[in-house]
Amino acid sequence: MPRPGAIVLAIAVALGADRAAHADEVAICYNYGCHATALVDFSEERLGSLHQLLAASGDAAAEREAIAIAIGRMYGIAGEQTPVWRDRGGNYADGGVNGQMDCIDHSTNTDSFLRLLQARGWLRFHEVLEPLMRTRFIFAVHWTARIRDRATQWVYVVDSWYFDNGHPAAVFAVEDWLAGKTPDGA
C-alpha cells in the first residue's frame with residue numbers, strides 16, 4: 001500500500017532530478033501525510049561536516065550512532081530553510097502548525113536523507129532499505145526508515161518521529177520496533 005503523499009514527493013524528486021543527482025538538494029515533505037513539499041539545500045560545507053562525522057566511524061555500531069546524529073543535523077538544516085523547525089516529537093505536540101510532521105513525513109524524509117548519504121558513499125557499514133510500516137492494535141500504524149548492516153544483515157530502524165526537530169534519530173533493531181519498543185527519552 002503506497003504511503004499518502006508518496007506520489008507528490010516522487011514528482012518533486014523527479015522535477016529536481018538533475019539537482020538531486022548532485023546531492024546538494026533534497027526534496028522533503030511535511031504537514032502530515034506529505035501534504036506539503038520543499039527543497040532543502042545542503043551546502044558542500046554542511047555535507048562535509050556530515051562526511052567527517054560518518055568517516056570517523058570505525059565499525060557498524062559507531063556508524064549507527066553517527067547516522068542518528070547526522071539525521072538530526074539534516075533535520076536542523078531543513079528547519080533553517082522550511083517550517084519543519086516547528087515539528088515536535090510524536091503527533092500531538094505540534095498544535096497544527098505549518099511544518100508539523102507525522103511518521104509518514106519523517107520516514108519519507110529520513111529515507112531521502114539516508115539515500116543522499118549512501119549516494120555519496122558515506123555509509124560504509126550499512127545500506128538503505130525501503131521504509132517499513134507496522135500496524136499494532138488495528139489503528140496504530142507507524143512508518144520508519146530502515147538500514148541493514150552489510151556484514152551481519154541485521155536490520156535497524158532510523159526513526160526521527162519520536163523527537164523534536166534536530167534531535168538525533170532513534171536507531172534500534174527492527175524486531176524491537178515491530179514489537180512496539182520506543183526509544184529511551186521518547
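Helices (H or I, at least four residues) and strands (E, at least two) are taken here as DSSP runs, numbered from the N terminus. On that basis the chain holds six helices and six strands, and reading along the sequence gives the pattern α-α-β-β-α-α-α-β-β-β-β-α. This is a predicted model, so local features need pLDDT of at least 70 and side-chain atom pairs count only at pLDDT 80 or more, while totals for chains, interfaces and linings use all residues. Residues are numbered from 1 along each chain as its sequence is written, and side-chain values use heavy atoms, with hydrogens and water left out.

Of the 186 residues in the chain, 49% are buried (under 20% relative accessible area, with exposed over 50% and partly exposed in between; 1.4 Å probe, protein chains only). Looking at contacts (heavy atoms within 4.5 Å) with a separation of 6 or more, 56% come from residues 24 or more positions apart.

Leaving aside neighbours within four places in sequence, Phe-113 is in contact with Val-26, Ile-28, Phe-42, Ile-71, Met-74, Tyr-75 and Ala-78.

Next come the two helices themselves. H4 (residues 60-81) and H5 (residues 103-119) pack at an angle of about 110°, with their axes 10 Å apart (axes are lines fitted to C-alpha atoms, for helices over the stretch in contact, and angles run from 0 to 180 degrees between N-to-C directions). The pair is therefore roughly perpendicular (65 to 115 degrees; under 35 is roughly parallel, over 145 roughly antiparallel, the rest oblique). Among the residues making the contact are Ile-67, Ile-71 and Met-74 of H4 and Asn-109, Phe-113 and Leu-117 of H5. The contact residues split into 10 nonpolar, three polar and one charged (Ala, Val, Leu, Ile, Met, Phe, Trp, Tyr, Cys and Pro count as nonpolar, Asp, Glu, Lys and Arg as charged, and the others, Gly among them, as polar).

As for the cysteines, a search of the whole structure turns up one disulfide (a pair of cysteine sulfur atoms within 2.5 Å). This disulfide joins Cys-29 to Cys-34, S to S 2.0 Å. Cys-29 counts as buried because its relative accessibility is 0%, and Cys-34 is buried at 2%. Cys-103 is buried too, with a relative accessible area of 8%.
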